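Try each task first, then compare your steps with the solution.

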Amino acid sequence: MSLQEFEKTFQDKVDQDIRIEPKDWMPDAYRKTLIRQISQHAHSEIVGMLPESNWITRAPTLKRKAILLAKVQDEAGHGLYLYSAAETMGTSRDELIGQLHSGKAKYSSIFNYPTLTWADMGAIGWLVDGAAIMNQVPLCRASYGPYARAMVRICKEESFHQRQGFEILLVLSRGSQAQRRMCQDAIDRWWWPSVMMFGPNDDASPHTAQSMQWKIKRFTNDELRQRFVDVCAEQVKILGMTLPDRDLVWNEEKKHYDFGPIDWEEFREVINGNGPCNKERLAARVKAHEEGAWVREAALAHAEKRK
Amino acid sequence: MSEQQWPLWEIFIRSKQGLDHKHAGSLHAADAQMAIENARDVYTRRMEGISIWVVESRHIHASNPDEASSFFDPANDKVYRHPTFYDLPDELKYM
């Protein structure tokens, strides 16, 4: 078969929603794009453990501590599902981790913001995990089998993350004056970074068309963002709080909420490594990896000895 | 990279008594015992399993997807292997 025939067979399968599996023929660009997309997501799960682990030892009750531990453990698991999915495309775990540590690979910009108060655990669960779910649910139907299967597992587990976050805020919103203030402050700080999680506007997102044709992206950034804003604008009412956007208003004609302009300059700064915590996050990952080297070596030596 | 990677293992999980072990995913571990323990932590955090099998990925041999159509061809034209192939009178009961 010629290259064109291979490509046609491949695209026909994708069009018919037949999943692509690791040993099937696929275009190089598809493989490359997916390795980047899946590993970025894996890195986000792993780096995403850091802002929350900051509060494990200071959770207000034993119940909250147990929940937060379980959530952070889930994120480690999600990272592993995704690294494994990426590895089926012929890359190695070391290579992927190396790219994260060298700064070559990106992860979600949201994790470069600090977690200043306990209410941030609530806002992260509600908004950050909420935005992630919005992004991830359609990917359960992604064209690459191992990726889609990993996303199914992740989405099943992610729902608890969002609900526990909203519950944290709900409790604070019904608490003292100081607790209510803390709740609103967390929402104010996490709202816009969460809105940015969907990535650049569609007209500034050149790869969207190709990714949609390959079905490794099922909705555009702006479609998903709009859906997220619509949902949150209603949910925030239950908290008796507000979203920090004066332009947020229901548009009866469009049947959607209109919202204010996004500060893309801030988005670019954070992506390019100049967010409040970029250096700290990467340093923590590299330190954990380096200080764990002797454990990895010892485990191998032990396995060798027992053979 | 001087550091040696832990081998890759494929994980199979029996979700409940009476069902087959089913492929759940893969992970890295230094040996089989660690693979089983890691599989418990990665794949059964919500009681998804009661039994785990692990096998090093390099021991798995697979059919070639490029040859799938010819490889599975022998079964292609044998509709008479299915019970619905046989046209029998409606009066015939319990069959």
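## Exercise 1: A buried charged pair

With a relative accessibility of 6%, D129(A) counts as buried, because buried means under 20% relative accessible area, exposed over 50%, and partly exposed in between (1.4 Å probe, protein chains only). The model is a predicted one, where local features need pLDDT of at least 70, side-chain atom pairs count only at pLDDT 80 or more, and totals for chains, interfaces and linings use all residues. Residues are numbered from 1 along each chain as its sequence is written, chains are lettered from A and ligands numbered from 1 in the order in which they are written, and side-chain values use heavy atoms, with hydrogens and water left out.

**Task.** Find the side chain that meets D129(A) in a salt bridge.

**Solution.** 
- Step 1: apply the rule, a side-chain nitrogen of Lys or Arg within 4 Å of a carboxyl oxygen of Asp or Glu.
- Step 2: D129(A) is in helix α6 of chain A and K71(A) in helix α4 (residues 62–87), 58 residues apart, so the pair links distant parts of the chain. Helices here are DSSP runs (H or I, at least four residues), as strands are (E, at least two), numbered from the N terminus.
- Step 3: check the partner's cover. K71(A) is buried too, at a relative accessible area of 0%.

## Exercise 2: Pairs in other surroundings

**Task.** Are K307(A) and E304(A) buried or exposed?

**Solution.** 
- Step 1: their side chains meet in a salt bridge at 3.5 Å, N to O.
- Step 2: both K307(A) and E304(A) are exposed.
- Step 3: turn to chain B, where K78(B) pairs with D77(B), the closest N and O atoms being 3.1 Å apart. D77(B) is exposed, with a relative accessible area of 56%.
- Step 4: look for shared partners. E52(A), K71(A), E75(A) and D129(A) are joined into one network by such salt bridges.
- Step 5: the count over all chains comes to 28 salt bridges.

## Exercise 3: Helix α8 of chain A

**Solution.** 
- Step 1: follow the axis to W190(A), where a kink of about 35 degrees lies shortly before the proline P193(A). The bend is the angle between axes fitted to the seven residues ending at a residue and the seven starting there.
- Step 2: the buried residues of α8(A) include C183(A), W190(A) and P193(A). Their cover includes α6 (119–136), α7 (145–173), α10 (221–239) and α11 (264–274) of chain A.

Definitions and conventions
Contact means heavy atoms within 4.5 Å.
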